[in-house]
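Take a look at the chain below.

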Amino acid sequence: MTRKIIVLIAGLFSGFIFHLIGVPAGWLIGALLFGAVYGMIRQDVAYRGPLFKGALALIGANIGVLTERDVFLQVGSYIGPLLLTLILTFAGSFLLGWLLYKNAEGMDAKTALFCTIPGGASEVIVTSREAGADERIVAAFHSFRIFFFVFTIPLIVGIGTPAAGIAGNGQAGMTASLAAVILIAMAVAALLNRFFPLPAGILLYAIVTAFLLSEFFIPVQSLPDYIGGIGQALIGVMIGVTFNPQVMRRLYGFGRICIYIIVLFLALGVLLAWLFHTVSGLNMMTSLLSIVPAGAPEMSATAFALNLDPTLVASLQIIRVLTILLMLPFLLKLIERMETRIAN
């Protein structure tokens, strides 16, 4: 545990330095890069437990405090365009899976298709094991995909967003009411997620709880920007350490096709984000964060860092992941049929 805390502190410092020198989403990017460097040198820490969930709850609580009432009403108006992009995402991911299978020597069809399912990484990995795919390859592919997306998307959005900066008030200080809202929201979110677990559920529960508390029960006047920065840096370093030599060796064994597929995956996300932007009227950068398959916590943290409506981003990302998870049993049957046809 001591080493985990030390790595988190070092990651926070790296994020702070990147923030100071003006890198878009600097808290997130700086901590992510530090975590990746550490993960390549040593493989002795992992954060997929209470610490990771605590970081998600902190991000959610900060987003909830900044949320305006009309955001939740906006979500419903984007369901149609979201479903359209989801259908196209499924089609594109199956095409990429087929390309991966055809060009990655030694990779079976089921494993290749699971590598390109754009759902929550942990849920897809678990399902791939139950389906008989090679979960080690699936885990390596999704780990690299998430790292690549979380590093690339904030830079794209930051460059494309004039005067982007962390939401909040840099001059504000921590108050007793703000601390109470954040701590209560984190505790309630952890409790709800324990009894009613959802993908990224603790993030969603923290957003809603903090919004309700700050809007109706404990008024909060301002939010210091460093609070959001800390949450983003924690997420960054926890994701970064998953990027390690084992991941690289597994993907390297299949050649450059893995890199090409991940880059094409990013291109597909950008194209679908443009389509969503065109159909819905939502601005392009927020559309990109909402549609690209990179995870609700990571993309909402980026939106929070760049002051781009993180509640809407988190909501649309969570709806996307939930839809894919509901479709997984049907996708599994489709994968098995395709595998049978290929074998014959």
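Which residues have the most contacts inside the largest nonpolar core? They are L100 and I153, in a core of 108 residues. Helix α8, residues 135-160, gives the largest share of this core, with 11 residues. In soluble globular proteins, nonpolar side chains tend to be buried together.

Stay with I153 for a moment. Leave out residues up to four places away in sequence, and I153 touches L266, L288, L289, V292 and M299.

Now step back to the whole chain. This is a predicted model. The chain has 16 helices and 0 strands. Of its 344 residues, 52% are buried. Take the contacts with a separation of 6 or more: 78% of them join residues 24 or more positions apart. The chain exposes about 15,000 Å². Carbon and sulfur atoms supply 67% of that area.

How far does helix α9 reach from its first C-alpha to its last? The answer is 29 Å, close to the 28 Å expected at 1.5 Å a residue. Helix α9 has 20 residues and covers 176-195. Its buried residues are L178, V181, I182, A185, A189 and N193. Look down the axis of α9: these buried residues fall within an arc of 95 degrees, so they line one face of the helix. The spacing follows a simple rule. An α-helix has 3.6 residues a turn, so residues three or four places apart point the same way. What does the face of α9 turned away from the buried side carry? There you find the exposed residues A176, L183, R194 and F195.

D309 is found between α15 (296-305) and α16 (310-343). Its phi is near 75 degrees, a positive value in a residue other than glycine. Is D309 buried, partly exposed or exposed? D309 has a relative accessible area of 25%, so D309 counts as partly exposed; buried would require under 20%.

Finally, consider confidence. The mean pLDDT of the chain is 82. Of the residues, 90% reach 70 or more. Where does pLDDT stay under 50? That happens over residues 163-167. The model has 18 contacts beyond four places in sequence for this stretch. Where pLDDT is low, the predicted coordinates should not be read in detail.

Notes
Residues numbered from 1 in each chain as written. Predicted model: local features only at pLDDT ≥ 70, side-chain atom pairs only at ≥ 80, totals over all residues. Heavy atoms only, no water. Helix = DSSP H or I, 4+ residues; strand = E, 2+ residues; numbered from the N terminus. Expected span 1.5 Å × (residues − 1). Buried < 20%, exposed > 50% of the residue type's maximum accessible area, 1.4 Å probe, protein only. Arc of directions from axis to C-beta. Core = buried A, V, L, I, M, F, W, Y, C linked by side-chain atoms within 4.5 Å. Contact = heavy atoms within 4.5 Å. pLDDT = per-residue confidence, 0-100. Areas by Shrake-Rupley, 256 points an atom, 1.4 Å probe, with all protein chains shown as cover.
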